[in-house]
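Have the coordinates open as you read. We will go from a sheet to the parts packed around it, and finish with the confidence of the model.

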Amino acid sequence: MRETPLSNCEKDFILKNIAEKKRLDGRQAYDYRDVRIAFGVSLGCCHVEIGTTRVLAQVSCEVGQPKQTRPHDGVLFVNVELSPMACPSFEVGRQTQEGVELSRLMERCLKESRCMDLESLCIVAGEKAWHVRVDIHVLNNEGNILDCSSIAAIAALAHFRRPDVTVLGEEITIHSMEDRNPVPLSIHHMPLLVSFAFFSQGKFMLVDPSEKEEKVTEGKLVIGMNKYREICTLQLTGQMLLLKDQVLRCSNIAVTKVARLTELIHEALDNDKQARSKGEKHGFAEMITGDKITANRQPAKVVPSDANEDSSMESEESEMSSLSDGGEAADMEIE
């Protein structure tokens, strides 16, 4: 299914608001939407929301052979799934341009930035090593999938625990979760992507563009950075050129955004760890708000006999009064 284009009136309206430093959702030019991070019951499952954009990341591992070029390192796979559930323009089994861009950027952000120690995944050099796989599923596309996916992927890796391994000679023993405590992955830093949308040949710039703003943008700059001010990825798309000062300005904005997002990830990890240690409600159950209907039967309530008689008398009097009032009103209407 093809993507539904915006009408000329919608485009003119959005561009006019951007020129007046206004946005459709009331944000300022450099404001992010509300970010929400939640973890699943299983380790390595992370659900991230930026506004109404939703992404789910799941980390898994298995034992396999290391690469011949790097016999002392483990392997990290990154897989991105864009299903029609997220957007009607996404098709099953067919990679769109946006899907290819997302996959390449996520690989560059996680693998080429050396954010994880792959040597710690080695079991036996040249023979056995852990293969860690990150599956990213886009659940709803309302703009800025890149930033949401990067937060979900790095948070899922930090939340994941692999089984412990014992090597005695040529015998390799993989312990279960009940036998030994699982081992966390060795993560050096957390690279995160920050997207900037440009309009009117770079005259106007927005952070965290929505879906409609992405459709009218002329160019997009994506900066991958960690809280230590190290640039891990930089990509510019679109038919436009940027000045050196504009790139430096975007990098300075990305520093503050990445620092705040990293704090949110650590805070979410600490809250989940405390909830698991205390045996409290954790996982996606925290995202459920309000009472949940589980049966058609209401719980029994103890009512004193005196109060029951008084309430029944009051209900009978109220019914009689309402009937009398209704009869008078009906008589008035008939007259």
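Strand 13 (residues 219–225) and strand 14 run antiparallel, joined by 7 bridges. One of the paired positions involves Met 225, whose bridge partner in strand 14 is Ile 231. Keep in mind that this is a predicted model.

Turn next to helix 1 (residues 8–19). Its 12 residues reach 16 Å from the first C-alpha to the last. That is close to the 16 Å expected at 1.5 Å a residue. Which residues of helix 1 are buried? They are Ile 14, Asn 17 and Ile 18. These residues lie on the same side of helix 1, because they cover an arc of only 100 degrees around the axis. The buried residues of helix 1 pack against strand 11 (192–199), strand 12 and helix 4. So what does the face turned away from the buried side carry? Asn 8, Cys 9, Asp 12 and Lys 16 are there, and they are exposed. Just after helix 1 comes Lys 21, with a positive phi of about 60 degrees.

Pro 209 sits in the loop between strand 12 (204–207) and helix 4 (211–215). Is Pro 209 buried or exposed? Pro 209 counts as buried, because its relative accessibility is 1%, and the cut-off for buried is under 20%. Beyond residues up to four places away in sequence, Pro 209 touches Arg 23, Arg 33, Gly 143, Asn 144, Ser 195, Ala 197 and Glu 214. Take Ser 195, one of these contacts. Ser 195 is 14 residues from Pro 209 along the chain, yet their C-alpha atoms are separated by 7.6 Å.

His 175 lies between strand 9 (171–174) and strand 10 (183–184). The relative accessibility of His 175 is 11%, so this residue too counts as buried. Which residues does His 175 contact, leaving aside neighbours within four places in sequence? They are Pro 163, Asp 164, Val 165, Thr 166 and Arg 180. Val 165 is 10 residues from His 175 in sequence, and the two are 6.0 Å apart in space, C-alpha to C-alpha.

Last, consider confidence. The protein chain averages a pLDDT of 81, and 82% of the residues score at least 70. Among the elements of the chain, helix 3 (residues 145–159) has the highest mean pLDDT, at 93. Helix 6 (residues 305–334) has the lowest, at 45.

How values were computed
Residues numbered from 1 in each chain as written. Predicted model: local features only at pLDDT ≥ 70, side-chain atom pairs only at ≥ 80, totals over all residues. Heavy atoms only, no water. Helix = DSSP H or I, 4+ residues; strand = E, 2+ residues; numbered from the N terminus. Buried < 20%, exposed > 50% of the residue type's maximum accessible area, 1.4 Å probe, protein only. Contact = heavy atoms within 4.5 Å. pLDDT = per-residue confidence, 0-100. Expected span 1.5 Å × (residues − 1). Arc of directions from axis to C-beta. Pairing = 2+ DSSP bridges.
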